[in-house]
Amino acid sequence: MNIQYCEVCSEKKAKYVCHLCNRRICEDHAILNDNVIICSICSSLLCELCRRRLSIHTCPICDRLMCTVCSVQLTPVHRVCKECFQKLGKREVLRRLMLL
(Lines give C-alpha, C1' and ligand atoms only; values in the text may rest on other atoms or scores of the structure.)
Protein backbone atom coordinates (compact mmCIF):
# COMPACT_ATOMS: atom_id res chain seq x y z
CA MET A 1 0.00 0.00 0.00
CA ASN A 2 1.39 3.40 -1.02
CA ILE A 3 0.84 5.84 1.85
CA GLN A 4 1.10 9.53 0.95
CA TYR A 5 2.59 11.64 3.73
CA CYS A 6 2.17 15.34 4.38
CA GLU A 7 4.62 17.37 2.30
CA VAL A 8 4.95 19.94 5.10
CA CYS A 9 5.76 17.75 8.12
CA SER A 10 6.46 14.34 6.47
CA GLU A 11 5.05 12.68 9.60
CA LYS A 12 1.30 12.29 9.19
CA LYS A 13 -0.84 10.87 6.42
CA ALA A 14 -1.92 13.41 3.84
CA LYS A 15 -5.68 13.92 3.73
CA TYR A 16 -5.94 17.05 1.58
CA VAL A 17 -4.32 18.78 -1.39
CA CYS A 18 -3.54 22.50 -1.24
CA HIS A 19 -5.70 24.45 -3.69
CA LEU A 20 -2.83 26.83 -4.54
CA CYS A 21 0.35 24.73 -4.71
CA ASN A 22 -1.01 21.14 -4.87
CA ARG A 23 1.03 19.97 -1.87
CA ARG A 24 -0.38 16.92 -0.13
CA ILE A 25 -1.08 17.95 3.47
CA CYS A 26 -2.28 16.49 6.76
CA GLU A 27 -5.08 17.90 8.94
CA ASP A 28 -2.58 19.91 11.01
CA HIS A 29 -1.33 21.86 7.98
CA ALA A 30 -4.66 22.32 6.20
CA ILE A 31 -6.36 25.71 6.49
CA LEU A 32 -9.83 26.53 5.20
CA ASN A 33 -9.71 29.85 3.33
CA ASP A 34 -12.73 31.06 1.32
CA ASN A 35 -14.15 27.52 1.25
CA VAL A 36 -10.98 25.97 -0.20
CA ILE A 37 -8.20 24.08 1.56
CA ILE A 38 -4.74 25.62 1.44
CA CYS A 39 -1.55 24.56 3.19
CA SER A 40 0.02 26.45 6.08
CA ILE A 41 2.91 27.54 3.84
CA CYS A 42 0.64 29.18 1.25
CA SER A 43 -1.46 30.69 4.03
CA SER A 44 1.59 32.51 5.39
CA LEU A 45 2.24 33.96 1.91
CA LEU A 46 -1.27 35.27 1.21
CA CYS A 47 -1.92 38.94 0.63
CA GLU A 48 -2.69 40.50 4.02
CA LEU A 49 -5.34 42.76 2.50
CA CYS A 50 -7.58 40.34 0.59
CA ARG A 51 -6.37 36.92 1.90
CA ARG A 52 -7.23 35.42 -1.53
CA ARG A 53 -4.11 35.67 -3.67
CA LEU A 54 -0.43 35.02 -3.08
CA SER A 55 1.57 38.11 -2.27
CA ILE A 56 4.17 39.51 -4.61
CA HIS A 57 5.56 42.42 -2.57
CA THR A 58 5.70 43.99 0.86
CA CYS A 59 4.35 47.52 1.19
CA PRO A 60 7.28 49.80 2.08
CA ILE A 61 4.97 52.01 4.15
CA CYS A 62 3.10 49.49 6.38
CA ASP A 63 5.16 46.29 5.78
CA ARG A 64 2.12 44.16 4.90
CA LEU A 65 2.26 41.47 2.22
CA MET A 66 0.24 42.50 -0.83
CA CYS A 67 -0.85 40.99 -4.13
CA THR A 68 -0.95 42.70 -7.51
CA VAL A 69 -4.65 43.54 -7.23
CA CYS A 70 -4.30 45.12 -3.76
CA SER A 71 -1.31 47.27 -4.70
CA VAL A 72 -0.60 50.39 -6.73
CA GLN A 73 2.41 50.46 -9.04
CA LEU A 74 4.11 53.86 -8.67
CA THR A 75 7.18 53.19 -10.79
CA PRO A 76 8.48 50.04 -12.51
CA VAL A 77 10.12 49.02 -9.21
CA HIS A 78 7.94 50.66 -6.53
CA ARG A 79 4.56 49.42 -5.26
CA VAL A 80 2.50 50.33 -2.20
CA CYS A 81 -0.70 48.80 -0.87
CA LYS A 82 -3.96 50.44 -1.92
CA GLU A 83 -4.81 51.29 1.70
CA CYS A 84 -1.62 53.32 2.22
CA PHE A 85 -2.04 54.95 -1.18
CA GLN A 86 -5.65 55.97 -0.37
CA LYS A 87 -4.86 57.03 3.19
CA LEU A 88 -1.75 59.11 2.42
CA GLY A 89 -2.23 60.15 -1.19
CA LYS A 90 0.21 59.84 -4.05
CA ARG A 91 2.33 62.86 -3.14
CA GLU A 92 2.93 61.76 0.48
CA VAL A 93 3.66 58.16 -0.56
CA LEU A 94 6.24 59.34 -3.10
CA ARG A 95 7.78 61.66 -0.49
CA ARG A 96 8.07 58.80 2.05
CA LEU A 97 9.70 56.62 -0.57
CA MET A 98 12.06 59.54 -1.34
CA LEU A 99 10.92 59.68 -4.94
CA LEU A 100 9.96 63.37 -4.75
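Visitor: Is Ser71 buried or exposed in this structure?

Guide: Ser71 is buried because its relative accessible area is 7%; buried means under 20%, exposed over 50%, and partly exposed in between, with a 1.4 Å probe and protein chains only. The model is predicted: local features need pLDDT of at least 70, side-chain atom pairs count only at pLDDT 80 or more, and totals for chains, interfaces and linings use all residues. Residues are numbered from 1 along each chain as its sequence is written, and side-chain values use heavy atoms, with hydrogens and water left out.

Visitor: Which residues surround Ser71, and where does its side chain reach?

Guide: A contact is a pair of heavy atoms within 4.5 Å. Neighbours within four places in sequence aside, Ser71 touches Met66, Arg79, Val80, Cys81 and Lys82. Its side chain reaches the backbone oxygen of Thr68 at 3.1 Å. Ser71 belongs to strand S7.

Visitor: How many helices and strands does the chain have, and what pattern do they follow?

Guide: Helices (H or I, at least four residues) and strands (E, at least two) are DSSP runs, numbered from the N terminus. The chain has 3 helices and 8 strands, in the order β-β-β-β-α-β-β-β-β-α-α.

Visitor: Which strands form a hairpin?

Guide: Two strands pair if DSSP finds at least two bridges between them. Here S3 (residues 30–33) and S4 (residues 36–39) are antiparallel partners over 4 bridges, and Ala30 faces Cys39 in S4. The hairpin leaves 2 residues between S3 and S4, and Asp34 in the turn has a positive phi of about 55 degrees.

Visitor: Which residues make up the largest nonpolar core?

Guide: In soluble globular proteins, nonpolar side chains tend to be buried together. Such a core is a set of buried Ala, Val, Leu, Ile, Met, Phe, Trp, Tyr and Cys residues joined through side-chain atoms within 4.5 Å. The largest one has 10 residues: Cys59, Met66, Val72, Leu74, Val80, Cys81, Cys84, Val93, Leu94 and Leu97. Strand S7 (71–75), strand S8 (78–81) and helix H3 (90–96) each give two or more residues to this core. A second, separate core of 9 residues includes Cys18, Cys26, Ala30 and Cys42. As for Val80, its contacts beyond four places in sequence include Cys59, Met66, Val93 and Leu97.

Visitor: How many disulfides are counted?

Guide: A disulfide is a pair of cysteine sulfur atoms within 2.5 Å, and the count by this rule is 0.

Visitor: What is the radius of gyration of the chain?

Guide: The radius of gyration is taken over C-alpha atoms, and the globule rule is 2.2 Å times the number of residues to the power 0.38. The chain has 18 Å, whereas a compact globule of 100 residues would have a value near 13 Å. The C-alpha atoms fill a box of roughly 65 × 20 × 20 Å along the principal axes. Buried residues account for 28% of the 100 residues. Of the contacts between residues at least 6 apart in sequence, 7% join residues at least 24 apart.

Conventions
Polar contact = N/O pair within 3.5 Å; in protein donor to acceptor, adjacent residues only side chain to side chain.
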